[in-house]
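Work through the following exercises with the sequence and the model at hand. Each task is followed by a solution in steps.

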Amino acid sequence: RTPHAFWTLSPSTDRVLVAWAGGPRARALPQREEELVARTLDVLVDAAGVRRDALEASLSAVFWHDWLRDPWARGAYAYVAVGGDTAPESLAQPVQSTLFLAGEATSAESMGTVEGAPASGFRAAAAVRDALGRAGGS
């Protein structure tokens, strides 16, 4: 099996391409990076009609993460259920000014997205910094 969805950072001009597979396709992905990259390039060659050697020459780095086998994610990502429009804001609220939550599920602007995770981490880190400043009297 191979990834079946691709997206770029458009409109950004950064040369990044994300490949994604979910469900049964994710379970069937090769576990060796070399085989995964080769199969992904095969899909791109077929879909985009580009030459394999040109595609390989433009490849400068590969990063992959097996979310299915990640013990913290376990293959899941966040989504908003019907009636859950305010869930991200609720999840992002600190608990007694001692527990600060982050993750794409707490990102109101980018829920369920890769960019929502680090953005929420920066938000939570700023909240921790502010709470520590208040606790220290400064």
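## Exercise 1: Confidence and conventions

The model is predicted: local features need pLDDT of at least 70, side-chain atom pairs count only at pLDDT 80 or more, and totals for chains, interfaces and linings use all residues. Residues are numbered from 1 along each chain as its sequence is written, and side-chain values use heavy atoms, with hydrogens and water left out.

Task: state the mean pLDDT of the protein and what percentage of its residues reach 70 or more.

Solution. 
- The mean pLDDT of the protein is 84.
- A value of 70 or more is reached by 95% of the residues.
- Where pLDDT is low, the predicted coordinates should not be read in detail.

## Exercise 2: Overall architecture

Task: list the secondary structure in chain order, then decide whether the protein is more spread out or less spread out than a compact globule.

Solution. 
- Helices (H or I, at least four residues) and strands (E, at least two) are DSSP runs, numbered from the N terminus.
- On that basis the protein has five helices and two strands.
- Their order from the N terminus is β-β-α-α-α-α-α.
- The radius of gyration is 19 Å, well over the 14 Å that the globule rule gives for 138 residues, so the protein is more spread out than a compact globule. The radius is taken over C-alpha atoms, and the rule is 2.2 Å times the number of residues to the power 0.38.
- The C-alpha trace spans about 60 × 30 × 25 Å along its principal axes.

## Exercise 3: Surface, burial and charge

Task: describe the burial, the accessible surface, the contacts and the charged side chains of the protein.

Solution. 
- Buried means under 20% relative accessible area, exposed means over 50%, and partly exposed lies in between (1.4 Å probe, protein chains only). Of the 138 residues, 22% count as buried.
- The accessible surface comes to about 10,000 Å², and 58% of it belongs to carbon and sulfur atoms. These areas come from the Shrake-Rupley method with a 1.4 Å probe; for residues, only the protein chains shown count as cover.
- A contact means heavy atoms within 4.5 Å. Of the contacts with a separation of 6 or more, 36% are between residues 24 or more positions apart.
- There are 13 positive and 16 negative side chains, and the centres of the two sets lie 4 Å apart. Lys and Arg count as positive and Asp and Glu as negative, while His and the chain ends are not counted. Each charge is placed at NZ of Lys, CZ of Arg, CG of Asp or CD of Glu.

## Exercise 4: The loop between H4 and H5

Task: locate Ser-107, give its contacts, and find which residues of this loop have positive phi.

Solution. 
- Ser-107 is in the loop between H4 and helix H5 (116–135).
- With a relative accessible area of 5%, Ser-107 is buried.
- Not counting residues up to four places away in sequence, Ser-107 touches Pro-88, Gly-116 and Ser-120.
- Ala-87 lies in helix H4 and counts as partly exposed, at 28% relative accessibility. Ala-87 and Ser-107 are 20 residues apart in sequence and 9.4 Å apart in space, C-alpha to C-alpha.
- Gln-96, in the loop between H4 and H5, has phi near 50°, a positive value in a residue other than glycine. Gln-96 is exposed, at 72% relative accessibility.
- Ser-97 is in the loop between H4 and H5, with phi near 55°, also positive in a residue other than glycine. Ser-97 is partly exposed, at 47%.

Note on methods: pLDDT = per-residue confidence, 0-100.
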